[in-house]
Amino acid sequence: VIKCKAAVAWEAGKPLSIEEVEVAPPKAHEVRIKIVATAVCHTDAYTLSGADPEGCFPVILGHEGAGIVESVGEGVTKVKKGDTVIPLYIPQCGECKFCKNPKTNLCQKIRITQGKGLMPDGTSRFTCRGKQIYHFMGTSTFSEYTVVADISVAKIDAAAPLDKVCLLGCGISTGYGAAVNTAKVEPGSTCAVFGLGGVGLAVIMGCKIAGASRIIGIDINKDKYAKAKEFGATECISPQDSKKPIQEVLAEMTDGGVDYSFECIGNVGVMRAALEACHKGWGVSVIVGVAASGQEISTRPFQLVTGRTWKGTAFGGWKSVDNVPKLVNEYMSKKIKVDEFVTHTLPFDKINEAFELMHSGK
């Protein structure tokens, strides 16, 4: 058993608490990882807020991490002690019907136990002050050591800087893949990206790499426009600058609507606007943001009858074990940006400050 520091969420709506936790050794088909770097994501904040119907407490959150394999359980063949890895919140077992289908990346092998905050055998590897602590998204990267299923880990280039590539564990991969895998943005097309946080910037990067000629960033926070343009946005607008609905503004700007739109906020009203901002006949809108529990989307069916397509994406459609190492290589060869997404680097005990910076849009 390893004793180490972790940021424990004892209950919903309260700040994380830095605690000493015990991390049990990996069982069969499990891997224990020394986490070197982790990022914070709105999904962690969503669960911490208490709005997540799958949220269990007390829990160690975190799902954008990178580290070194400390030890492996019986039967683990894909990684060994000392390997550089990224934990994966969407695993890839290679055996279930989802993994065998090229149309999806949603491996279901450990979905039920993962959703309950437990390892595949139905137990936890974390204890603190004598209490069992739940896992989160199969990763729990807000701990100096974590245990994950062997199908939830990608071995990456040992030369990769872990304080940067940890971001490929969720946000950057999700946005980039939404553009190149889910929407399949074509050269010369016009795109609109709603929400210019990390995921939105990654979508912009993907649209640019795919050859889009016009990329319109949409956000009420104008402080984000300079960064969006650095990533490839050709122009940025705020919905608050016009009395007309944003979909009408976009339709006027683009002679009838955009070819592709992306909702990167998790707001069902914006999801509708993003669909309705698409061009009649061929427009495609991709939902990337995660809406709050129980919310529903709506539009007039005629929007779809007249040729628009509504899609969604999880982790950008990447089959995780196969593609995360390739994404790391694309970063190492400078095809995709990662460093530019990092705004602040804080010590682990300032993790609550990191959430405050995220909530304030900084």
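Start by selecting Asp83: this residue is buried, at 7% relative accessible area (buried means under 20%, exposed over 50%, partly exposed in between, with a 1.4 Å probe and protein chains only). You are looking at a predicted model, in which local features need pLDDT of at least 70 and side-chain atom pairs count only at pLDDT 80 or more, while totals for chains, interfaces and linings use all residues. Residues are numbered from 1 along each chain as its sequence is written, and side-chain values use heavy atoms, with hydrogens and water left out.

**Stop 1**

Helices (H or I, at least four residues) and strands (E, at least two) are DSSP runs, numbered from the N terminus.

**Stop 2**

Which residue of E5 is the bridge partner of Lys34? Select Ile68 and you have found the partner. Next, show E6 (residues 84-87), which pairs with E5, again antiparallel, over two bridges. Here Ile68 stands opposite Thr84. While you have the strands on screen, keep in mind that side chains in a regular strand alternate between the two faces of the sheet.

**Stop 3**

How many salt bridges does a search of the whole structure find? The count is 16. For another of them, select Asp121 and Lys27, whose side chains meet at 3.1 Å, N to O. Asp121 sits in the loop between helix H3 (111-115) and strand E7 (126-128), and Lys27 in the loop between strand E2 (17-23) and E3, so the pair ties together parts that are 94 residues apart in sequence. Asp121 is partly exposed at 40% relative accessibility, and Lys27 is also partly exposed, at 40%.

Then move to Arg111 and Glu54, another salt bridge, at 3.1 Å from N to O. Arg111 is in helix H3 and Glu54 in the loop between helix H1 (42-49) and strand E4 (59-60), 57 residues apart. Both are partly exposed: Arg111 at 34% relative accessibility, Glu54 at 40%.

**Stop 2: an open sheet**

Colour E4, E1, E2, E7 and E8 in that order, and you have an open sheet of five strands with antiparallel pairing. E4 and strand E8 (131-133) stand at the edges with a single partner strand each, so one side of each has no neighbour in the sheet. Inside the sheet, seven bridges join E1 (residues 2-9) to E2. To see residues facing each other across these two strands, pick Ala6, which stands opposite Glu19 in E2.

**Stop 3: aromatic pairs**

A search of the whole structure finds four aromatic pairs (rings of Phe, Tyr and Trp, the last by its six-membered ring, with centres within 6.5 Å; planes under 30 degrees apart count as stacked, over 60 as edge-to-face and the rest as tilted). One of them is Phe142 with Phe355, edge-to-face, with 6.0 Å centre to centre and 80° between the planes. Phe142 lies in the loop between E8 and strand E9 (145-149), while Phe355 lies in helix H12 (residues 351-359), 213 residues apart. Are they buried or exposed? Both Phe142 and Phe355 are buried.

Next, select Phe231 and Phe341: their ring centres are 4.6 Å apart and their planes at 55°, so this pair is tilted. Phe231 is in helix H7 (residues 225-231), and Phe341 is in the loop between helix H11 (320-332) and H12, 110 residues apart. Phe231 is buried, at 1% relative accessible area, and Phe341 is buried at 13%.

Finish by showing Lys337, which lies over the face of Phe231, 5.9 Å from the ring centre (a charge sits over a ring if NZ of Lys or CZ of Arg is within 6 Å of the ring centre and within 35 degrees of the ring normal).

Definitions and conventions:
Two strands pair if DSSP finds at least two bridges between them. A salt bridge is a side-chain nitrogen of Lys or Arg within 4 Å of a carboxyl oxygen of Asp or Glu.
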